[in-house]
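Here are my notes on the model you sent over.

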Amino acid sequence: MAMVHGPRRALALLAELDGDERLAGHHRLEAVRAHLLERAGERAAARAAYAKAAGLTLSVPERRYLSFRAARLAE
């Protein structure tokens with residue numbers, strides 16, 4: 001979706017998934033949001049979403065990766 005219609009359109013579709021109990025609080029939803037926000041040029045919001053995703057995952061490698069992405073946007 002984002003590659004064809006742009007990150008904002010994909011963010012709108014992603015927002016619809018926020019109400020889905022099965023996905024609520026899942027780190028991958030936040031990670032996708034962060035990536036789309038970054039592509040849309042919203043660095044501060046992307047950084048916050050990456051940090052949130054990092055805090056939600058139980059996987060140490062994923063947490064490290066997501067934290068790295070957040071820190072990279074702080075520069």
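1. Start in the middle. The largest nonpolar core has 16 residues, and Leu11, Leu14, Leu36, Leu37, Tyr50 and Leu66 have the most contacts inside it. At least two residues of this core come from each of helix 2 (7–17), helix 3, helix 4 and helix 5. For the record, a nonpolar core here is a set of buried Ala, Val, Leu, Ile, Met, Phe, Trp, Tyr and Cys residues joined through side-chain atoms within 4.5 Å. Buried means under 20% relative accessible area, exposed means over 50%, and partly exposed is in between (1.4 Å probe, protein chains only). Helices are DSSP runs of H or I with at least four residues, numbered from the N terminus.

2. Some housekeeping. This is a predicted model, with local features needing pLDDT of at least 70 and side-chain atom pairs counted only at pLDDT 80 or more, while totals for chains, interfaces and linings use all residues. Residues are numbered from 1 along each chain as its sequence is written, and side-chain values use heavy atoms, with hydrogens and water left out.

3. Helix 2 against helix 3. These two pack at an angle of about 160°, with their axes 9 Å apart. Axes are lines fitted to C-alpha atoms, for helices over the stretch in contact, and angles run from 0 to 180 degrees between N-to-C directions. That makes helix 2 roughly antiparallel to helix 3 (the label is for angles over 145 degrees). Their crossing is left-handed, i.e. the near helix is turned anticlockwise from the far one by less than a right angle. On the helix 2 side, Pro7, Ala10, Leu11, Leu14 and Leu17 meet Leu29, Val32, Arg33, Leu36, Leu37 and Arg39 of helix 3. By class, this contact has nine nonpolar, no polar and two charged residues. Ala, Val, Leu, Ile, Met, Phe, Trp, Tyr, Cys and Pro count as nonpolar, Asp, Glu, Lys and Arg as charged, and the others, Gly among them, as polar.

4. Close-up on that pair. Which residues does Leu14 contact, leaving aside its neighbours within four places in sequence? They are Leu29, Val32, Arg33 and Leu36, where contact means heavy atoms within 4.5 Å. Ala10, in helix 2, counts as buried at 10% relative accessibility.

5. Arg33 deserves a look. Is Arg33 buried or exposed? With a relative accessible area of 14%, Arg33 is buried, and its place is in helix 3. Not counting residues up to four places away in sequence, Arg33 touches Leu11, Leu14 and Asp18.

6. Helix 3 against helix 4. The axes of helix 3 (residues 27–39) and helix 4 come within 8 Å and cross at roughly 160°. The two are therefore roughly antiparallel to each other, and their crossing is left-handed. Helix 3 brings His27, Glu30, Ala31, Ala34, His35, Leu37 and Glu38 to the contact, and helix 4 brings Ala45, Ala46, Ala49, Tyr50, Lys52, Ala53 and Leu56. Sorted by class, these are nine nonpolar, two polar and three charged residues.

7. Helix 4 against helix 5. Here the axes of helix 4 (residues 43–56) and helix 5 (residues 60–74) come within 8 Å, crossing at roughly 160°. That makes helix 4 roughly antiparallel to helix 5, again with a left-handed crossing. Arg43, Ala46, Arg47, Tyr50, Ala51, Ala53 and Ala54 of helix 4 make the contact with Arg63, Leu66, Ser67, Arg69, Ala70, Arg72, Leu73 and Ala74 of helix 5.

8. The loop between helix 3 and helix 4. Glu42 is found there and is partly exposed, with a relative accessible area of 29%. Leaving aside neighbours within four places in sequence, Glu42 is in contact with Arg8 and Leu37. Arg8 lies in helix 2 and is also partly exposed, at 48%. Besides Glu42, Arg8 touches Ala40, not counting residues up to four places away in sequence. Arg8 and Arg39 are 31 residues apart along the chain, with their C-alpha atoms separated by 8.9 Å.

Conventions:
Parallel < 35°, antiparallel > 145°, perpendicular 65-115°, else oblique.
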